[in-house]
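Please read them with the structure open.

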Amino acid sequence: MAANQIMFVLFSAMIVIFSILTVTSRRILRAAVYLLFVLVSTSGLYFMLNYQFLAAVQLSLYAGGIVVLIIFSILLTSHISQKFESSGLKKNIFSAIAALAGATLSIITILDYNFSATTEAAKEVTMKLIGSSLLSVNYDGYVLPFEVISILLLAAMIAAIVVAKKGAPKPTELPNINQE
Amino acid sequence: MLLDIVINKSVTALSVPWWKVVYDFSALTEWIDKSLHNAMSPFWTTIMELLIIGVLILLFYALVGLFLVYAERKVCAFMQNRLGPNRVGPFGIFQTIADLFKLLFKELVPIKNADGFLFNLAPFIVIIASFMAIAAIPFAKGLQAVDLNIGVLYVIAVSAMGVIGVLLAGWSSNNKYSLIGAMRSGAQIVSYELSVGLALITIVILAGSMQLSVIVEAQRDGWFIFKGHIPAFLAFIIFLISSTAETNRGPFDLAEAESELTAGYHTEYSGIKFAFFFLAEYINMFIVASIAATVFLGGWMPFHVGHWEGFNHIMDFIPPFIWYIGKTFFVIFIMMWFKWTFPRLRIDQLLTLEWKYLLPINLVNVLIMAFIVLMGWHF
């Protein structure tokens, strides 16, 4: 077995095992940590494909951003002794069916796709290439999704400011601490 | 007999005289690679090279950690008009090694109501994050473990993972001080990461590349801090402030403020697990200092001035590694100077500094830099 295959088996085994642990763990922070391992192994797969930009984005956005947010909210809301009781039989059966249906759908799609094998060396994705294709209006440009996401982010940020902004306190209700 | 053949077959001569290796390590690394390829299959060559790099980085990590703790105590003593450690070895240089052995012999106190798995995992996450970042740093010409074409982004992404370890440590200790320390540390690191990234982006615009070796090479005729006029200098100052905050060092050390929180997120840790946090903190300082040295001060590139051929030639005689170490320790000295002269900030002051001052300045700075590069006003 070549080194590449060994690494692939290692990463995919980690992804599968920790994915299962994420949904079966009864302790919420442990589940978040298992999710972190899944995301880090996925970025390992991207590194293997020589797509370093996506790997670094995966690390900084998912591992460094999303997981930190999840952990932060767990830190604020739950206590260490808290454990979730296991769900009932009916719930288990329905979620198993949903998971199986999803898995079948993806497997059928993957098997249907005609992967063309090539001996060409992996293309190096440089910063300039990513930047120009993100803002290109040509056939393989991504300017429309880029703009849509920008507007979505702007809307989300404005919404966050509106939610977080407190109204100014009424002047009469202010307690005067300097008064004797 | 077999070993003899293997060694005779595998050892070829180094392509340059041995003393030239100090100026360009690529000859040495190529020689090691070729010798290993002659001796074993490509698969085992890769494994061996990974092992060699791993052991070297581990050694470097430990040595730098030990030296930085010693340096911090000496600098602190200097600032406070004391002598500092001076008993173990000449000038006390073996003090930290003695401390390390003391920490190794200490009991690892198990915490009864803690989450054992996460409690033990947290120090490793912190240390692995800093370990991964060190792999991309160019120490000298040809002395870089991986030269990714998105080097700057990689270092930011990987060093951001350390905060997860801090948060886990604080929560799993089941201790209020630890939890508050972890929360403070999380809020601080997440917000100051923004400034670190934007300050680096300013220089990425100037360099036109995120590859660290290209960034160093682009500073052959002048370091970026001089080439980029005022925006580069501003970016350097912002980077210094925000990276000091990101490493949880004073005056931004509220996460482990000993007068309010005993020791913050690592209150419950003892022995070598505590040493891991301690070591990772110093290595993180080393990493941000070497990123500052690489991106703003030219990395291993000697001090060159435009077209002064003679002067540049003299500067070339000093090996690149010395330049790199010198610049890095200069930045580290500035950060230690911060710690021992400024009083600690309150949490609201800390967040005000980032969100109301550094971030707007930084955004305008990026725009100005883009304008300068567009007009070709830089050197």
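1. A:L144 counts as exposed because it has 9 C-beta neighbours inside 10 Å. The cut-offs are as follows: a residue is buried if 20 or more other C-beta atoms lie within 10 Å of its own, exposed if 12 or fewer, and partly exposed in between, with C-beta atoms placed from the backbone. A:L144 sits in helix α6 (residues 143-164) of chain A. Its C-alpha lies 8.9 Å from that of A:L134, a residue 10 positions away in sequence. Helices (H or I, at least four residues) and strands (E, at least two) are DSSP runs, numbered from the N terminus.

2. On provenance, this is a predicted model, in which local features need pLDDT of at least 70 and side-chain atom pairs count only at pLDDT 80 or more, while totals for chains, interfaces and linings use all residues. Residues are numbered from 1 along each chain as its sequence is written, and chains are lettered from A and ligands numbered from 1 in the order in which they are written.

3. Chain A contains 6 helices and 0 strands, in the order α-α-α-α-α-α. Its radius of gyration is 24 Å, whereas a compact globule of 180 residues would have one near 16 Å. That radius is taken over C-alpha atoms, and the globule rule is 2.2 Å times the number of residues to the power 0.38. The C-alpha trace of chain A spans about 85 × 50 × 30 Å along its principal axes. Of the 180 residues in chain A, 13% are buried.

4. The contact between the chains takes 21 residues from chain A and 30 residues from chain B; two residues are in contact if their C-beta atoms, placed from the backbone, lie within 7 Å. On the chain A side, α2 (28-48) and α3 (52-77) each supply at least two residues, and α3(A) gives the most, with 12 residues. The side of chain A that touches chain B has 15 nonpolar, 4 polar and 2 charged residues. Here Ala, Val, Leu, Ile, Met, Phe, Trp, Tyr, Cys and Pro count as nonpolar, Asp, Glu, Lys and Arg as charged, and the others, Gly among them, as polar.

5. How many residues of helix α7 (residues 162-172) of chain B are buried? The count is 11 of its 11 residues, B:W171 being one of them. Their cover includes α2 and α3 of chain A, together with α5 (116-134), α6 (151-159), α8 and α13 of chain B. Just after α7(B), B:N174 takes a positive phi of about 60°.

6. Helix α8 (residues 176-207) and helix α11 (residues 229-246), both of chain B, pack at about 155° with their axes 8 Å apart. Axes are lines fitted to C-alpha atoms, for helices over the stretch in contact, and angles run from 0 to 180 degrees between N-to-C directions. α8(B) and α11(B) are therefore roughly antiparallel; angles under 35 degrees count as roughly parallel, over 145 as roughly antiparallel, 65 to 115 as roughly perpendicular and the rest as oblique.

7. The axes of helix α13 (residues 271-295) and helix α15 (residues 320-341) of chain B come within 8 Å and cross at roughly 120°. That makes α13(B) oblique to α15(B). Residues meeting here include B:M285 and B:F286 in α13(B) and B:Y324 and B:K327 in α15(B). The contact of α13(B) with α15(B) divides into 9 nonpolar, 2 polar and 1 charged residues.
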